[in-house]
Amino acid sequence: MSAAENTIAKLHRKVDWPKHLIIWFFILIELFPLYMMFQVSFKDNASFIQQPWLPLPPTEWQWGNWLFAIKLVGPYLANTLFVAVTATISSLFLAILGAYFFSRHKMPFSGLLWALFLFLMLLPTVTNIVPLFMLLKSMSLLNTLLALILVGVAGGQVFNIFVLRHFLEDLPKDLFEAAEMDGASHFQQIINIVIPMSGPIIGTLAILSFLNAWNDFLLPLIILRDKELFTLGVGLIYLDGEYVKPWGKIMASYFLAAIPLILIFLFTMRLFVRGLSAGAIKG
Amino acid sequence: MASTLSRQKVLREWKLYLFVVPSLVMVLIFSYFPAGSAIYHSFFDWSGGEAKQFINWDNYIRAFHDSTLLSSFVTVGALLIFNLFKMIPSILIAVLIHRVTSDKWQYAYRALLVVPMIVPHLVTLFIWKFILDPNLGALNRVIEATGFKSILVWINDFFGWSVFFKDVPIGWLSQPELILPALFIWGFPWIGTVGVLIYLAGLQSIGQEVYEAAELDGIGPFKKFLYIELPLILTQVRLSLVLLIVGTLGQYGLQLLLLNEYGGPGGRGMVPGLWMYNRAFVAGEFGYACAIGVILAFVILGLTIINNRYVRVDK
């Protein structure tokens, strides 16, 4: 490193600290709700009202809150996990098939079919909820988890096919031709070429689908009636509706609702960070 | 990769169509059918049952005279302006993170910014409801502790409002006048993870040497932003603008859960989507709700088209 570059580097380090300070200021405020959620989850209402800000010493932690939360939220978690996992897997499977159709050969009418999918990107979905409710009613799917899965799968098709098509079109053509020479069927080509070669993009899309399913609360709120079928969304809404609020128990439940996402985050942080930027380019 | 095929080959490859059928069927049933059904039923007096009566444009005529719907469009316009303002911190933080020289810190900050995403949206929403709680909430405690409350009370007395009072906790979500301010404060410091990440993606093409050259030329931090950074993220800013407009106009889950089906006290938080929900699931006027939905969809579609026309997004 030359002397000049060295001075510049030093100069940088000197003026960097205000940036760090501002960034930390924002990040700390951003993380404050998380901190509150965690420390309040160990308090009962009396100690919370007396000292809301600082955590209790670990010896006084109220593990009962967490037991309550596990009992209350556990079944909701199981339902949500079932819906989210099933919807994510089926949505991606169908989208891979669809994207394969569009990227493999230019068949007659494929332009028209593509337009049919693309148009949905423009169509606002806000109108759909009322007729969707009536449709599910006439299919007697109200109050079932299957309805959530079906709507989730359908909702994810356009975006997933859109992203996957462009990715598949960039895969080397020779691979498919060689496979065809060896007599591989289209389905075998998907299993043996498409899926192994598009691992990261499938992972990213899977995370986005999963997040979508996890965060959905409007449709479950409208169609689910039985307590046994509640997903997290509905369960937490009903918990919020209580008159006297046991804050510690509520916060423990909230925290529990986040744990599956925390686990996914820990294992796939890079996909997470990238996936979110990919998801934002949707528009 | 896609190539045009000869006729014979098309006949041989007909099975390929089977691959697109499942997606197509799903989309037709759960996306196209509801959209069509909404338009169809918007011309009916329909309460959800078998019986329905064709009433021509009556639902639309009613909508244009519906004062709740009209004022809800004003409210959503205000929210749109709030959200435009709320874009600023994300841009600021993205630029700051990009300017940090150490790669290690850059990655650490990115990861820290993603952390709030692991909290389910609903939980974030309820935690904010808790922050805005008059007696226990963090916001009121901060306002009391910093003495900001007495300034508010002074302003209140000066202008003769009856909003802030001494020794009375501020009811952010229970006083009609405070609903919009509460929705403005909501989400402070307004950093959208997704927004920051796409701005950072746009900034990536600026190397350190550009900054060094700028520094040697004696260009200050603000001019650096104006001449180096802003032009590069303009595409991303426009993109988030489109997403923001569509998102703000269409969403009503926040108002539904933070306030109630009626948009809270005085209906000050009523937005068009919520009014549609209310008419359908509270009043049972499904036909009218469909008409509101169709109007809202056309407004969103119109704004999207205007955006695409005047705001070019290059891939």
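Helix 4 and helix 13 of chain B cross in a right-handed sense. The model is predicted. The largest nonpolar core has 125 residues.

**Helix 4 and helix 13 of chain B**

- Helix 4 of chain B covers residues 67-85, and helix 13 of chain B covers residues 221-250.
- The two pack at an angle of about 145°, and their axes lie 10 Å apart.
- Helix 4 of chain B contributes B:Val76, B:Leu79, B:Leu80 and B:Asn83 to the contact.
- Helix 13 of chain B answers with B:Leu244, B:Ile245, B:Thr248 and B:Leu249.
- By class, this contact has six nonpolar and two polar residues, with no charged residues.

**Helix 3 and helix 6 of chain A**

- Helix 3 of chain A runs over residues 63-104, and helix 6 of chain A over residues 145-169.
- Their axes come within 6 Å and cross at roughly 40°.
- This crossing is right-handed.
- The contact of helix 3 with helix 6 in chain A has 17 nonpolar, ten polar and two charged residues.

**Nonpolar cores**

- Within the largest nonpolar core, of 125 residues, A:Val130 and B:Ile292 have the most contacts.
- Helix 3 of chain A gives the largest share of this core, 16 residues.
- What does A:Val130 touch, leaving aside its neighbours within four places in sequence? A:Val130 is in contact with B:Ala38, B:Met276, B:Ala280, B:Phe286, B:Ala289, B:Cys290 and B:Gly293.
- Another core, of 18 residues, lies apart from the largest one. Its members include A:Ile27, B:Ala94, B:Leu197 and B:Leu200.

**Domains of chain A**

- The domain assignment gives chain A a domain 1 at 3-40 and a domain 2 at 75-280.
- Taken over C-alpha atoms, the centres of domain 1 and domain 2 of chain A are separated by 36 Å.

Notes: Residues numbered from 1 in each chain as written. Chains lettered and ligands numbered in written order. Predicted model: local features only at pLDDT ≥ 70, side-chain atom pairs only at ≥ 80, totals over all residues. Axes fitted to C-alpha atoms, helices over the stretch in contact; angles between N-to-C directions. Helix = DSSP H or I, 4+ residues; strand = E, 2+ residues; numbered from the N terminus. Left-handed = near helix turned anticlockwise from the far one by under 90°. Nonpolar A, V, L, I, M, F, W, Y, C, P; charged D, E, K, R; others polar. Domains from an automatic or database assignment. Contact = placed C-beta atoms within 7 Å. Core = buried A, V, L, I, M, F, W, Y, C linked by C-beta atoms within 7 Å. Buried ≥ 20, exposed ≤ 12 C-beta atoms within 10 Å, placed from the backbone.
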